[in-house]
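Work through the exercises below with the sequence and the coordinates at hand. Each task is followed by a stepwise solution.

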Amino acid sequence: MIAILWEYSVPHENLAEFERHYDSSGTWVIFFRKAAAYHGTVLLRDANTPGRYMTLDHWDSFDAYQSFCAEHEAEYRRIDAMCATLTDSERRLGIFKVL
């Protein structure tokens with residue numbers, strides 16, 4: 001199993017909406033649940049830096065994640081474009097093997 005770690009910077013006025021789309025029952029999780037290889041997302045909010053968030057997406061493998069995203073590219077792009085307006089920045093920090 002792997003975990004994909006993402007970091008986001010979110011303006012104050014978008015915090016509630018961002019959390020609604022990225023939490024463990026949000027828009028992204030609903031989308032990814034279509035994949036048998038997906039095992040959930042954890043949303044983290046930085047306790048010291050306002051507006052800083054991270055997500056950990058758990059998948060069987062990075063190939064499974066990429067295959068799912070390619071197969072559902074139109075829907076992925078639609079959700080990504082909608083959520084892009086909520087953040088100042090988004091960065092994938094890495095792909096980690098879960099031990």
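Predicted model: local features only at pLDDT ≥ 70, side-chain atom pairs only at ≥ 80, totals over all residues.

**Exercise 1. Classify the ring pair formed by Phe31 and Phe68, and state where its two members lie.**

Step 1. A pair of aromatic rings is described by the distance of the centres and the angle of the planes.
Step 2. The model holds 19 aromatic pairs. In the one formed by Phe31 and Phe68, the centres are 5.0 Å apart and the planes make an angle of 55°.
Step 3. Ring centres must lie within 6.5 Å, and planes under 30 degrees apart count as stacked, over 60 as edge-to-face and the rest as tilted. The Phe31–Phe68 pair is therefore tilted.
Step 4. Phe31 belongs to helix α2 (residues 27-32) and Phe68 to helix α3 (residues 62-71).
Step 5. Buried means under 20% relative accessible area. Phe31, at 1%, is therefore buried, and so is Phe68, at 6%.

**Exercise 2. Determine which residues of α3 are buried and how they are arranged about the helix axis.**

Step 1. The buried residues in α3 are Phe62, Tyr65, Phe68 and Cys69.
Step 2. Viewed down the axis of α3, these buried residues fall within an arc of 130°, so they line one face of the helix.
Step 3. Asp63, Ala70 and Glu71 are exposed and sit on the face of α3 turned away from the buried side.
Step 4. The packing partners of the buried α3 residues are β1 (2-9), α2, β3 (52-59), α4 (73-84) and β4 (89-97).

**Exercise 3. Find which residues of the largest nonpolar core touch the most other members.**

Step 1. This core has 23 residues.
Step 2. Trp28, Phe32, Trp59 and Tyr65 touch the most other members.
Step 3. Two or more residues come from each of β1, α1 (15-22), α2, β3, α3 and α4.
Step 4. For Phe32, leaving aside neighbours within four places in sequence, the contacts are Tyr38, Asp57, Trp59, Tyr65, Phe68, Cys69 and Tyr76.

**Exercise 4. Is Met82 buried, partly exposed or exposed, and what does this residue contact?**

Step 1. Met82 lies in helix α4.
Step 2. Beyond neighbours within four places in sequence, Met82 contacts His21 and Thr27.
Step 3. Thr55 is 27 residues from Met82 along the chain, and their C-alpha atoms are separated by 17 Å.

How values were computed:
Residues numbered from 1 in each chain as written. Heavy atoms only, no water. Phe/Tyr/Trp six-rings, centres within 6.5 Å; stacked < 30°, edge-to-face > 60°. Helix = DSSP H or I, 4+ residues; strand = E, 2+ residues; numbered from the N terminus. Buried < 20%, exposed > 50% of the residue type's maximum accessible area, 1.4 Å probe, protein only. Arc of directions from axis to C-beta. Contact = heavy atoms within 4.5 Å. Core = buried A, V, L, I, M, F, W, Y, C linked by side-chain atoms within 4.5 Å.
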